[in-house]
Amino acid sequence: MTKWNSLSASLMKRLKLHYQMSNSIPALAQARSFTTSEGHRPAIIHKRSLDILHDPWFNKGTAFTMTERDRLDLRGLLPPNVMSSEQQIERFMVDLKRLEVQARDGPSDPNALAKWRILNRLHDRNETMYYKVLIAHIEEYAPIVYTPTVGLVCQNYSGLFRRPRGMYFSAEDRGEMMSMVYNWPADQVDMIVVTDGSRILGLGDLGVHGIGIAIGKLDLYVAAAGINPQRVLPVMIDVGTNNEKLLKDPLYLGLQQNRLDGDEYLAIIDEFMEAVFTRWPHVIVQFEDFQSKWAFKLLQRYRNTYRMFNDDVQGTAGVAIAGLLGAVRAQGRPMIDFPKQKIVVAGAGSAGIGVLNAARKTMARMLGNNESAFEAARSQFWVVDAQGLITEERENIDQDASPFARKVKEINRQGLREGASLVEVVQQVKPDVLLGLSAVGGLFTKEVLEALKGSTATRPAIFAMSNPTTNAECTPEQAFSILGENVIFASGSPFKDVDFGNGHIGHCNQGNNMYLFPGIGLGTLLSGAPIVSDGMLQAAAECLAAYMTEDEVHEGIIYPSISSIRDITKEIAAAVIMEAIEEDLVEGYRGVDARELRKFSKEQILEFVKNNMWSPEYPTLVYNQD
């Protein structure tokens, strides 16, 4: 009991400290003189004239000053009026609003995809301005460059492809990857997002089209975490596809062969990892949208050797944990009551199992972090997949799901059985939380939601976390109309709040991975940690959970506004660094070595993070003929 109390006190002390940091960051007294802020260093270039205007990394368009135009042989190649970046954005936004409808390829092309086309063209022309627009309008455009619109982009990528972005490693490149990585022009790469296209969002095998999700994720690393866009690399590993439509499509851009599997598949991923870490030893690799059969295996294979993590497994889990802790707070209970929550989970894929493992570890840590604590935590979950409730009687049970299979004696007492339907499980368990990670749109039917009325919680919580929007297990309107105003609702994709018409609002919390993965990546980068530990991931989730005020959670708001994403990322990155220091994993970054980083106060760590976040400002360009 003493150990349980001390652990809980440790957690609460950490969260209280976070509140103090987020609400009051005093000016640094005798602060260290940090390295020049990201994005304000002069850029050495080896090109002039039209070559600069055709390079999105350095092109400023009409914002080139007359001095720069003379220095870089641009005079006469641009209209004479020099415009500020603010004027450029204003002109672009006017054009965007006017062109949204015109950019559509017929009535079947939704407005969101039209916006993506226009933004993508800007990205192709002027990268700095693209990120300036994205950051300034992050609430509006995050759903365009990321979920849900990125799903449409991936489904139609062959038709949308105009110019290459990122790198493609295929089964045809076996034995060549070590030399191929040197084809990428950047000498320094900080962040790679890699996919094999086998499970894009909830849309299935999209083959080489999956590069769209890697590009979208890295756009958010730049916008939210301030990773320098010249040091990010989206990667597609094309090992074929089992999508019959793509195999027969004459316009498909990828390998038209069935997916490799087994040792052949592993050999290709091994070769890729060895190649990128040979050229860029300090890079961080985020695995994205790998099918469940490989997601866990690859995570376990590489996580103790390379700086890598899997966002579907670990990022989704962290965001869910933050939301689950927020739901406890919204019920008017302390977060240390989390181990008492009864949670029904719909979905046993990589995301579902990742959340289950993380939630179990969080509960167990609060209960004493020993074997009996892990067993007690296990008993708080009921997992339902396509075949129904998972129990020990399940034949050929997936090894990753087996720790959560209910014991026969337990389900008999509860009036349940192997394969019981979701409705039956919700009726009998009366859960505090109904968590959906099934990728099955509409799974939370009227009958399921009606059954949740019997919940023993004062404020039951529904997490319809599957992406994109069409795969959400239910909509907020459905949840609030059946369960009333008191329910807590969260989803993976964005929905509008529900107006009850009586002055009250039903808040639709978007439990999006973008709250966590930018901060995890940035914190790992700046700490110099050689691995991404469970403790660093847990610190990120706890930081996000504590970001909301008590008034906000009592109103049913358990995730912050996307508009605050850069501040959220800064806080999470600082929490990750502090945990890396606690675990003795820090190795330092640039001019700040590990010894100095360990001496930093919490305020200095926040300042260190802030000063290493790139901002989209046009750099001074210095021409060097060599």
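E288 counts as buried because its relative accessibility is 2%, where buried means under 20% relative accessible area, exposed over 50% and partly exposed in between (1.4 Å probe, protein chains only). The model is predicted, so that local features need pLDDT of at least 70 and side-chain atom pairs count only at pLDDT 80 or more, whereas totals for chains, interfaces and linings use all residues. Residues are numbered from 1 along each chain as its sequence is written, and side-chain values use heavy atoms, with hydrogens and water left out.

E288 is located in the loop between β5 (284-287) and α14 (292-302); helices (H or I, at least four residues) and strands (E, at least two) are DSSP runs, numbered from the N terminus. Beyond its neighbours within four places in sequence, E288 is in contact (heavy atoms within 4.5 Å) with V193, V194, T195, D196, I213, K217, D311 and D312. The side chains of E288 and K217 are joined by a polar contact of 3.5 Å. A polar contact is a pair of N or O atoms within 3.5 Å; within protein, one must be able to donate a hydrogen and the other to accept it, and residues adjacent in sequence count only if both atoms are side-chain atoms.

D289 is placed in the loop between β5 and α14 and counts as buried because its relative accessibility is 1%. Residues up to four places away in sequence aside, D289 touches T195, D196, G197, S198, R199, I200, L201, I213 and D312, and its side chain makes a polar contact of 3.2 Å with that of R199. In an unreviewed UniProt entry, the annotation "binding site" covers E288, D289 and D312. These residues are spread over 25 residues of sequence but cluster in space, with a largest C-alpha distance of 6.5 Å. UniProt positions are given in the numbering used here, feature names are shortened, and annotations may be inferred rather than shown by experiment.

The unreviewed UniProt entry also carries the annotation "domain: Malic enzyme NAD-binding", which covers residues 313-581. Over residues 313-581 the chain is 44% helix and 11% strand, and the end C-alpha atoms are 24 Å apart.

An open sheet of seven strands has the order β9-β8-β7-β10-β11-β12-β15, with mixed pairing; two strands pair if DSSP finds at least two bridges between them. β9 (388-389) and β15 (508-510) stand at the edges with a single partner strand each, so one side of each is left without a neighbour in the sheet. Strand β7 (residues 343-346) is covered on both faces, with I343 and V345 on one side and V344 and A346 on the other, all buried. Four bridges pair β7 with strand β8 (residues 381-385) in the parallel sense, and F381 in β8 is the bridge partner of I343. β7 and β10 run parallel and are joined by four bridges, with V433 in β10 opposite I343. Strand β10 (residues 433-436) is in turn joined by four bridges to strand β11 (residues 461-464), the two running parallel; here L434 stands opposite I462.

The whole structure contains 16 aromatic pairs. Rings of Phe, Tyr and Trp (its six-membered ring) pair if their centres lie within 6.5 Å; planes under 30 degrees apart count as stacked, over 60 as edge-to-face and the rest as tilted. The ring centres of F600 and F608 are 5.9 Å apart and their planes stand at 70°, so the pair is edge-to-face; both F600 and F608 are buried. Ring pairs also link F277, F287, F290, Y302 and Y306 into a cluster.
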